[in-house]
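Subject: Structure handover

Hi,

Here is the structure we talked about. Please open it and read my notes alongside.

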There are 2 protein chains.
Amino acid sequence: MTVSDLLADEGYVVESASDGPTGLARATNEPFDLLILDVMLPGMSGFEVCRELRQHGKDVAILMLTAKTQVVDRVVGLKLGADDYLNKPFDPAELVARVEALLRRVCKEKLTPVVSFQFSDVDVDFEKGEVTKGGESVALAGKELQLLRYLVDHRGKVVPREELLENVWEYQAGVSSRTIDVHVAWLRQKLETYPQNPRYIQTVRGVGYRFSN
Amino acid sequence: MTVSDLLADEGYVVESASDGPTGLARATNEPFDLLILDVMLPGMSGFEVCRELRQHGKDVAILMLTAKTQVVDRVVGLKLGADDYLNKPFDPAELVARVEALLRRVCKEKLTPVVSFQFSDVDVDFEKGEVTKGGESVALAGKELQLLRYLVDHRGKVVPREELLENVWEYQAGVSSRTIDVHVAWLRQKLETYPQNPRYIQTVRGVGYRFSN
DNA sequence: AATCTTCTTGACGAGGTTTTTACGCCCGTG
DNA sequence: CACGGGCGTAAAAACCTCGTCAAGAAGATT
């Protein structure tokens with residue numbers, strides 16, 4: 001019986017990927033409550049997938065699964081940002097119990113929108129209202145922070161200018177012209193490594209902007 | 001080396017209890033970030049302590065520790081509401097790694113109210129309501145002390161003006177304008193080394209204030 | 001009653017923030 | 001290739017926020 005089947009039998013909605021890169025891509029673009037990563041994956045180890053996700057600010061719950069029994073591996077897994085770890089072979093009941101324990105914690109946290117996020121050498125803590133780039137503190141004005149937050153909250157997707165006007169500028173009649181562009185330019189100026197050739201805050205001509213990492 | 005010593009060496013503040021009922025009482029009455037429960041405890045098993053706490057709504061993070069190796073026990077522990085589980089004997093590094101993983105999830109939000117606090121050459125005792133700067137007693141008026149306390153309790157975070165009005169001024173209708181600023185100015189005047197260039201009581205333009213040290 | 005302390009408020013200015021304006025470039029299209 | 005709309009950017013203009021001061025109200029103290 002596979003892990004998928006096991007959890008499906010428990011009533012969970014499960015998706016699976018058969019290799020590392022595929023899983024990483026899915027985990028990056030779709031919202032999940034919990035990831036179960038096998039360390040031994042074709043193309044990319046579970047450790048790598050885990051590290052990639054964490055480095056890109058994904059705070060989804062991660063349960064690592066491996067046949068290795070050396071303690072050093074368990075520690076490496078947890079240090080990389082996994083939330084729990086399970087040895088193969090494992091008791092199906094224990095897997096289910098751990099999944100439940102993890103989900104219970106994740107749900108609790110969903111209630112308090114704690115958002116921190118990092119990309120490149122930039123670290124954003126929306127709660128503290130602090131932004132650093134390469135360790136140096138960066139001063140962002142109110143609108144800049146709101147705009148960044150909105151883009152990051154919708155990272156990976158194109159955010160139409162309309163949507164930004166509605167949600168960041170709150171329907172303020174008349175606000176248009178180049179206002180959005182100006183704020184985007186300032187964000188790039190302050191956060192991008194090459195503001196002239198932005199990598200994270202991308203322009204989608206004719207539509208809007210997209211944050212991508 | 002005991003678990004207490006191990007974690008203390010890592011820089012954590014640790015308290016321990018030598019039997020089940022004592023631990024339960026302490027965990028009930030004092031705020032902790034994380035509990036480590038041995039299943040084998042005099043007077044009351046770790047399982048029972050865990051269940052009691054959960055039944056009374058305590059959502060503190062719990063790491064269970066046991067020598068038993070049967071899977072059934074591990075499952076029981078998790079089902080009772082423990083967040084993680086570790087077999088004895090364990091690698092000290094793994095314990096630390098798990099504690100870190102748990103705290104990362106749980107501790108993010110937790111800020112426990114303080115009774116005494118010091119920064120710079122200032123010493124604040126909220127219980128006695130006494131404040132000294134450089135050994136000299138400083139007289140703080142009621143509102144000033146409340147304001148300071150609120151900021152210190154939320155140190156590191158930005159406290160919006162709204163929140164201050166709600167919690168320090170208790171929704172008093174109409175109270176706004178420059179009232180907050182004035183009290184902040186007085187605090188700075190009395191506590192900051194350079195009131196004109198405040199280091200601890202910071203203003204976050206457009207949002208509120210933040211205490212930071 | 002007189003005085004003192006605490007709290008609140010309004011005026012004002014300095015300085016930061018947001019929007020607008022203006023201009024030039026780039027890119028896709030005819 | 002010429003054209004036009006969309007975008008980047010700088011600078012000016014409009015706007016807002018906060019720190020400070022001074023004055024007054026309310027309450028406590030003497």
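This is a predicted model: local features need pLDDT of at least 70, side-chain atom pairs count only at pLDDT 80 or more; totals for chains, interfaces and linings use all residues.

Residues are numbered from 1 along each chain as its sequence is written, while chains are lettered from A and ligands numbered from 1 in the order in which they are written.

DNA first. 20 residues surround DNA strand D (near means a C-beta atom, placed from the backbone, within 6 Å). Among the closest are Arg178(A), Thr203(A) and Thr203(B). Helix 8 of chain A gives the largest share of this surface, five residues. Helices (H or I, at least four residues) and strands (E, at least two) are DSSP runs, numbered from the N terminus.

Next, the helix pair. Helix 6 (residues 142-153) and helix 8 of chain B pack at about 85°, with axes 10 Å apart. Axes are lines fitted to C-alpha atoms, for helices over the stretch in contact, and angles run from 0 to 180 degrees between N-to-C directions. So helix 6 of chain B is roughly perpendicular to helix 8 of chain B (65 to 115 degrees; under 35 is roughly parallel, over 145 roughly antiparallel, the rest oblique).

Last, the sheet. Three strands of chain B form an open sheet, order 8-10-9, with antiparallel pairing (strands pair if DSSP finds at least two bridges between them). Strands 8 and 9 of chain B are at the edges, each with a single partner strand. Three bridges join strand 8 to strand 10 (residues 208-211) of chain B. Val159(B) stands opposite Tyr209(B).

Best wishes
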